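This briefing goes through a structure in terms of its strands, its helices and a few single residues. Please keep the sequence and the model open while reading.

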Amino acid sequence: MSDYQRALEAAGARVLSFAHFGDWQGSWVALVEYQGQRGWVQGSFGSCDYCDAFQSEFDWDSDFACEDVQDRLVQFGRTYLDDLQTTEQVLRQYDDAADWDSESADAALWIRKVEGL
């Protein structure tokens, strides 16, 4: 399970589908159900705490059973869930970037597959 997926679930989302694009840095996208709504959330990841928000917030040995760490994980997940997008919105973003970003083209293709489009 991705660290980002863990954060989304900790914040109360049901992750229906999740994928990342890129190797040591790239983007991730998830289809979720959250507070009675179904939509997409997205973000980026990297290989170090400078370029990866999760690694910047949490140490590799963070104790996620600890209440304080769990509270931070919930808040971290909510930062993404506050920007729930429709399929049309997220596809528009990825399609617009597909000319210069091959990961965007791959993400748009994956989203269409998940949605049956």
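Glycine 22 is found in strand β1; helices (H or I, at least four residues) and strands (E, at least two) are DSSP runs, numbered from the N terminus. The model is predicted: local features need pLDDT of at least 70, side-chain atom pairs count only at pLDDT 80 or more, and totals for chains, interfaces and linings use all residues. Residues are numbered from 1 along each chain as its sequence is written, and side-chain values use heavy atoms, with hydrogens and water left out.

**Glycine 22**

- Glycine 22 is partly exposed, with a relative accessible area of 25%; buried means under 20% relative accessible area, exposed over 50%, and partly exposed in between (1.4 Å probe, protein chains only).
- Leaving aside residues up to four places away in sequence, glycine 22 touches Phe45 and Glu103, where contact means heavy atoms within 4.5 Å.
- Glycine 22 and phenylalanine 45 are 23 residues apart along the chain, and their C-alpha atoms are separated by 8.9 Å.

**The sheet**

- Strands of a sheet pair through backbone hydrogen bonds, either parallel or antiparallel.
- In this model an open sheet of three strands has the order β1-β2-β3, with antiparallel pairing; two strands pair if DSSP finds at least two bridges between them.
- β1 (14–22) and β3 stand at the edges with a single partner strand each, so one side of each is left without a neighbour in the sheet.
- On average, neighbouring strands of this sheet are turned by 15° against each other, direction ignored. Axes are lines fitted to C-alpha atoms, for helices over the stretch in contact, and angles run from 0 to 180 degrees between N-to-C directions.
- β1 and β2 run antiparallel and are joined by eight bridges. Phenylalanine 21 has serine 27 in β2 as its bridge partner.
- A hairpin is formed by β1 and β2, with three residues between them.
- Strand β2 (residues 26–34) pairs with strand β3 (residues 37–45) in the antiparallel sense over nine bridges. Tyrosine 34 stands opposite glutamine 37 in β3.

**The turn between β2 and β3**

- β2 and β3 also form a hairpin, with two residues between them.
- Glutamine 35 lies in the loop between β2 and β3, and its phi is near 50°, a positive value in a residue other than glycine.
- Glutamine 35 is exposed, with a relative accessible area of 69%.

**Helices α4 and α5**

- Two packed helices are described by the angle between their axes and the distance between the axes.
- The axes of helix α4 (residues 87–97) and helix α5 (residues 102–115) come within 8 Å and cross at roughly 150°.
- α4 and α5 are therefore roughly antiparallel to each other; angles under 35 degrees count as roughly parallel, over 145 as roughly antiparallel, 65 to 115 as roughly perpendicular and the rest as oblique.
- The crossing of α4 and α5 is left-handed, that is, the near helix is turned anticlockwise from the far one by less than a right angle (clockwise would be right-handed).
- On the α4 side the contact is made by Thr87, Val90, Leu91, Tyr94, Asp95 and Ala97, and on the α5 side by Ser104, Ala107, Ala108, Ile111, Arg112 and Glu115.
- Seven of the residues in the contact of α4 with α5 are nonpolar, two polar and three charged. Ala, Val, Leu, Ile, Met, Phe, Trp, Tyr, Cys and Pro count as nonpolar, Asp, Glu, Lys and Arg as charged, and the others, Gly among them, as polar.
- α4 lies across β2 and β3, running at about 25° to β3.
- α5 lies across β1, β2 and β3, running at about 155° to β1.

**Helices α1 and α3**

- α1 and helix α3 (residues 67–81) pack at an angle of about 95°, with their axes 7 Å apart, and are therefore roughly perpendicular to each other.
- The contact is made by Tyr4, Arg6, Ala7, Leu8 and Ala10 of α1, together with Gln70, Leu73, Val74, Phe76, Gly77, Tyr80 and Leu81 of α3.
- The residues of the contact of α1 with α3 comprise nine nonpolar, two polar and one charged.
- Glutamine 5 is in helix α1 (residues 3–10) and is buried, with a relative accessible area of 16%.
- Not counting residues up to four places away in sequence, glutamine 5 touches Val15 and Phe18.

**Threonine 86**

- Threonine 86 sits in the loop between α3 and α4 and counts as partly exposed at 37% relative accessibility.
- Threonine 86 and leucine 31 are 55 residues apart in sequence and 9.6 Å apart in space, C-alpha to C-alpha.
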